Amino acid sequence: MKSHVQSLVALLGSQALLLPIRTGTKKPSGKWKHLTLDHMSDRKHLAKLDRAANIGVALGDVSSGLCSIDIDDDALVEPFLEMNPFLKDTLCSKGARGCNFWVRITSEYKRTFHFNANGLRVGEFRSTGSYTVIHGKHPEGMDYCLIRETKPIEIPFQSIKWFEETTHTHPPRGFAPLLAARKSN
């Protein structure tokens, strides 16, 4: 395995299924939903990962509960961390804007869903049936990067607080102007 693939395996653990992603896109190099962790021992799959400029991670059941929380806007990252301070201790990656917090869920969890704040879509919980790109070049031209390079923390799904649960009457500090600007667009 090439060093970037080895680094991702070391960071995410042996229970994570990596996917080759087309250069400069978020699209897998081929069909992937049939893949299992056994493919991480398959020479052909590993050769595809070595050749791939971009790497994604299959989430949820296939990767033993590894999930990502995608925050869509830089301005929403700190308010989300204020609600979920334990996420300051987990792997965090970034593409064009916002970030992805990587967690290994230790309880039952939902399938992929979008979450809102005051009626606006502001993020996505990605799990079974989804993937997140973690390495390579974003379609907008910048490199994906690791903001916090540490192993994903293990948490129960119920411990995560979502914006919609807390922002109906009092948005987190600095959040209301952002929502007003997004509503006017």
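**View 1. The second largest pocket and its lining.** Helix 2 provides the largest share of the lining of the second largest pocket, namely three residues, in what is a predicted model. Together with helix 2 (43–51), strand 1 (17–21) is an element that supplies at least two residues of this lining. The lining of the second largest pocket consists of 13 residues, and those nearest its centre are Pro20, Lys31, Leu35, His45 and Lys48. Sorted by class, the lining of this second largest pocket holds four nonpolar, five polar and four charged residues, and the volume of the pocket is about 170 Å³.

**View 2. The largest pocket and its lining.** The largest pocket holds about 330 Å³ of space. Its lining is made up of 17 residues, among which Lys26, Asp70, Asn100, Arg126 and His138 are the closest to the centre of the pocket. At least two lining residues of the largest pocket come from each of strand 4 (92–94), strand 5 (99–105) and strand 8 (131–135), and strand 8 gives the most, with three residues. The lining of the largest pocket includes six charged and six polar residues, alongside five nonpolar ones.

**View 3. The hairpin of strands 4 and 5.** Strand 4 pairs with strand 5 in the antiparallel sense over two bridges, and cysteine 92 has phenylalanine 101 of strand 5 as its bridge partner. The two strands form a hairpin in which four residues lie between them, and glycine 98, found in the turn, has a positive phi of about 65 degrees.

**View 4. Strand 5 beside strands 3 and 10.** Strand 3 (residues 66–71) runs antiparallel to strand 5, and six bridges join the pair; in this pairing leucine 66 is set opposite arginine 104 of strand 5. Strand 10 (residues 153–155), by contrast, pairs with strand 5 in the parallel sense, over three bridges, and here arginine 104 stands opposite glutamate 154 of strand 10.

Technical notes
Residues numbered from 1 in each chain as written. Predicted model: local features only at pLDDT ≥ 70, side-chain atom pairs only at ≥ 80, totals over all residues. Heavy atoms only, no water. 1 Å grid on protein atoms, 1.4 Å probe; cavity = no way out; pocket = protein on both sides within 12 Å on 5 of 7 lines; lining within 4 Å. Points joined across faces, edges and corners; volume = space filled by probe spheres on them. Nonpolar A, V, L, I, M, F, W, Y, C, P; charged D, E, K, R; others polar. Pairing = 2+ DSSP bridges.
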